[in-house]
Amino acid sequence: MSAPDRLSALLDEHASLERELADPAVHADQSRARRLGRRYAQLAPLVETARALDETRGDLATARELAGEDASFAAEAASLEQRVEELTDRLREQLLPRDPDDDKDVILEIKAGEGGAESALFAGDLLRMYLRYAERRGWSTEVLDAVDAELGGYKDVAVAIKSRGDEGIWSRLKFEGGVHRVQRVPVTESQGRIHTSAAGVLVLPEAEEVDVTVDPNDLRIDVFRSSGPGGQSVNTTDSAVRITHLPSGIVVSSQNEKSQLQNRESALRVLRSRLLAAAREEADALASDQRRSQVRTMDRSERVRTYNFPENRIADHRVGYKAHNLDQVIDGDLDAVIDALVAAHTAELLAAGS
């Protein structure tokens, strides 16, 4: 589809969404209304740019016409020409093919890797970083499952991150997947030596029930007793749930809630999201490319980002981003890092399109 045709289709879609959202009956289904509202908000910047471009082009034509009679309009015409170029470039970016998951919430999993106890502590630091970032953005968070480590931190933790408005969280966090490496003096180090360890981050767009159909006959559900660090029982009932999706072999578990029913639902949320991600990877080459950097092993050499505490340095190796404000980043100030990744991805799409 050519750019003009794509623009026309998106403007028509925006107008159609506006009509739907004005219908009170639509809001009786909150899930549908939220989905439509997100898409409407997603298209709003493009519509604003297109309208501004049309208006500026009209003003430019008028200024050029008047400049033939009054030379004072020549400077205004030159300014408007520059504005048209800026708006045209912006519209070209906004017309790039979008990831179909950009407006979705996410499930983010963090797994301790190489480095033993220090890796588990770092996994806890990463969890806090993402929770603080979510708080700064006004997103809500819910820990779905957590396996505590004996000396602190986590062996494995999964958290759902949801937007309270129309902002799509996947569009911001999808590049966080991969192996994150930390360099610092562990609290368990008596000689003051710097150690390197790693933790893996996996980001999945959260699937709604309409996105993925899970046949109950395809599931094996086992229950077991929840346990804390060192095997210490955290409750006296078999409330933890492990779900195996037989066709794919995907296994998820949840033990964070007190009831078996709640743990089952938490595990199903993670399972649906993993199945959606697997289906998208198989069906869509672009989605596969975007997820290529997601963590596969905890090998320290396969890192996407390094957190160097002695130098207060954060470095993202995919785009060459470096900054000496690690203390702020680890406290949730992630926007500059994420902006660099988004900008690099946009540049790649523009280059491919041209």
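Me: Which residues is Leu 126 in contact with, leaving aside its neighbours within four places in sequence?

Reply: This is a predicted model. In it, Leu 126 is in contact with Ile 110, His 180, Ala 199, Val 201 and Tyr 307.

Me: What makes a set of residues around Leu 126 a nonpolar core?

Reply: Such a core consists of buried nonpolar residues joined through side-chain atoms within 4.5 Å. The largest one has 33 residues, and Leu 126 is among those with the most contacts inside it, along with Leu 108, Ile 110, Ile 161, Leu 173 and Tyr 307. Elements giving two or more residues include strand E1 (106-112), strand E3 (154-162) and strand E5 (195-205). Helix H4 (117-137) also belongs to that list, and the largest share, eight residues, comes from H4. A second, separate core of 19 residues includes Leu 7, Val 26, Ala 77 and Leu 80.

Me: Why is Glu 118 called buried?

Reply: Buried means under 20% relative accessible area. Glu 118 has 7%, so the residue is called buried. Glu 118 is found in helix H4. Beyond four places in sequence, Glu 118 touches Val 182, Arg 184, Pro 186 and Ser 197.

Me: How do you know that E1 and E3 pair?

Reply: Two strands pair if there are at least two bridges between them. E1 and E3 have six bridges, in the antiparallel sense, and therefore count as paired. As one instance, Glu 109 has Ala 158 in E3 as its bridge partner.

Me: Where in the chain is confidence lowest, and where is it highest?

Reply: The lowest is in helix H7 (residues 285-290), with a mean pLDDT of 46, and the highest is in helix H8 (residues 326-329), at 97. For the chain, the mean pLDDT is 86, and 89% of the residues reach 70 or more.

Me: How many contacts does the model have for residues 295-301, beyond four places in sequence?

Reply: The model has 25 such contacts for residues 295-301, but the pLDDT there stays under 50. Where pLDDT is low, the predicted coordinates should not be read in detail.

Conventions
Residues are numbered from 1 along each chain as its sequence is written. This is a predicted model: local features need pLDDT of at least 70, side-chain atom pairs count only at pLDDT 80 or more; totals for chains, interfaces and linings use all residues. Side-chain values use heavy atoms; hydrogens and water are left out. pLDDT is the predictor's confidence in each residue, from 0 to 100. Helices (H or I, at least four residues) and strands (E, at least two) are DSSP runs, numbered from the N terminus. Contact means heavy atoms within 4.5 Å. Buried means under 20% relative accessible area, exposed over 50%, partly exposed in between (1.4 Å probe, protein chains only).
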